[in-house]
Amino acid sequence: MMAEMRGELLLDEPLARHTSWRVGGPADRYYKPADLDDLAAFLATLPENEPVMWLGLGSYLLVRDGGIRGTVVATHGVLKRVERLDDERVYAESGVPCAKLARSCARWGLRSGEFFAGIPGTVGGALAMNAGAFGGETWAHVLAVDVIDRHGRRRCRPREDYAVGYRSVEGPAGEWFLGAELRFEPGDAGQEEIREILARRKATQPIGLPSCGSVFRNPPGDHAARLIESAGLKGLELGGARVSDKHANFIISRRGATASDIERLIRHVQATVKAVHGVELVPEVRVAGEADR
Ligand SMILES: Cc1cc2nc3c(=O)[nH]c(=O)nc-3n(C[C@H](O)[C@H](O)[C@H](O)COP(=O)(O)OP(=O)(O)OC[C@H]3O[C@@H](n4cnc5c(N)ncnc54)[C@H](O)[C@@H]3O)c2cc1C
């Protein structure tokens, strides 16, 4: 079926190796394409009913312990071109780490992309999630995106084809992002701002420990972290999962933790906050895969 495949195909690849929580069962097939043409050819060979999931840096993904049935396509380390197109526009492929995009913009004298420095994912993940921080968000910069479908067909789509909201992006079904044309402001940019963003993060978040960033969406007019902390949940542990002592909206996983520990802790936090404050917390992290194999 895959005679001309030039990428790397791994069978039963543990996704704990590819997610920032470091938990998650195996993907039946894990494919790291050699390049864009190889990716298109690979997708075209997949059976019609094969489920396909895309993976960037796995920094907003809870893969359950039973793993993923079907094929996972990895972009990190593959689609890594980032280039300046003119004095405002930049093209970034989806496997480019957001931090690299931020640094490149700063080097090219472009402002307003500094917030990408604090997002530990890829451009593809940022496009899928409309990732944002410190007042900036991904889709505020998107002019157009290149996408690929289930059969390996590529096309360019204007921003107008997408309904974009807070951490949500809806577009044509059955397509994934290959890259985006982004606009930034020309001007004296941001090495200093980037340093400040990273310092602020380090001061307020448990950076360096396995997590997925903020687990719950902030409810209108309030902060999930404040509600969790004032419900007395900071530092609470279930199995190998713990509510961070530094930032209560972060869940940290320890060595030996399972996705099921994290899911149980998420449910416990939801139930306790509901009982104490009457507020329903909604997780924004993506959950994928099966509980058991
Ligand atoms: C310490 C920490 C801090 C964080 N801080 C922030 C923050 O301030 N703001 C914020 O918004 N997020 C934050 N995050 C969450 C996360 O980094 C972002 O959501 C990021 O954009 C996810 O990118 P990723 O490449 O890791 O995506 P993944 O976790 O690999 O995937 C996320 C989703 O995107 C899909 N996807 C990935 N690539 C593609 C593609 N090319 N085309 C289509 N779909 C794709 C996946 O299938 C999945 O559904 C933080 C995470 C951590 C660990």
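Analyst: A polar contact is a pair of N or O atoms within 3.5 Å, and within protein one of the two must be able to donate a hydrogen and the other to accept it. Please keep in mind that this is a predicted model.

User: OK, with which side chain does Glu 13 make a polar contact?

Analyst: The side chain of Glu 13 makes one with the side chain of Arg 17, at 3.2 Å. Glu 13 itself belongs to strand 1, which covers residues 8–14.

User: And is Glu 13 buried or exposed?

Analyst: Its relative accessible area is 7%, and because buried means under 20%, Glu 13 counts as buried. Leaving aside neighbours within four places in sequence, Glu 13 is in contact with His 18, Gly 25, Pro 26, Ala 27 and Tyr 30.

User: Switching to the sheet with five strands, what is the strand order?

Analyst: The order is 6-7-15-11-12 in an open sheet, and the pairing is antiparallel. Strand 6 (82–84) and strand 12 (154–158) each have a single partner strand, so they stand at the edges with one side left without a neighbour in the sheet. Direction ignored, neighbouring strands are turned by 20° against each other on average.

User: How many bridges join strand 11 to strand 12?

Analyst: Five bridges join strand 11, residues 142–149, to strand 12, and among them Asp 146 has Cys 156 as its bridge partner in strand 12.

User: Which strands does helix 1 lie across?

Analyst: Helix 1 (residues 36–45) lies across strand 7 (89–93), strand 11, strand 12 and strand 15 (175–183), and it runs at about 45° to strand 11. Thr 45 is found in this helix and is partly exposed, at 28% relative accessibility, while its side chain reaches the backbone oxygen of Phe 42 at 2.6 Å.

User: Now the ligand: how many residues surround it, and which are the closest?

Analyst: There are 31 residues around the ligand, and the closest are Trp 54, Ser 59, Thr 122, Gly 132 and Arg 201. An oxygen atom of the ligand is 2.6 Å from a polar backbone atom of Trp 54, and a nitrogen atom of the ligand lies 2.6 Å from a backbone N or O atom of Gly 132.

User: How much of the ligand's accessible area does the protein cover?

Analyst: The protein covers 91% of the 980 Å² that the ligand has on its own.

User: Which element gives the most to the shell around the ligand?

Analyst: Helix 3 does, with five residues; strand 3 (52–55), strand 9 (132–133) and strand 15 are also among the elements that give two or more.

Definitions and conventions. Residues numbered from 1 in each chain as written. Predicted model: local features only at pLDDT ≥ 70, side-chain atom pairs only at ≥ 80, totals over all residues. Heavy atoms only, no water. Pairing = 2+ DSSP bridges. Helix = DSSP H or I, 4+ residues; strand = E, 2+ residues; numbered from the N terminus. Axes fitted to C-alpha atoms, helices over the stretch in contact; angles between N-to-C directions. Contact = heavy atoms within 4.5 Å. Buried < 20%, exposed > 50% of the residue type's maximum accessible area, 1.4 Å probe, protein only. Near = heavy atom within 4 Å. Areas by Shrake-Rupley, 256 points an atom, 1.4 Å probe, with all protein chains shown as cover.
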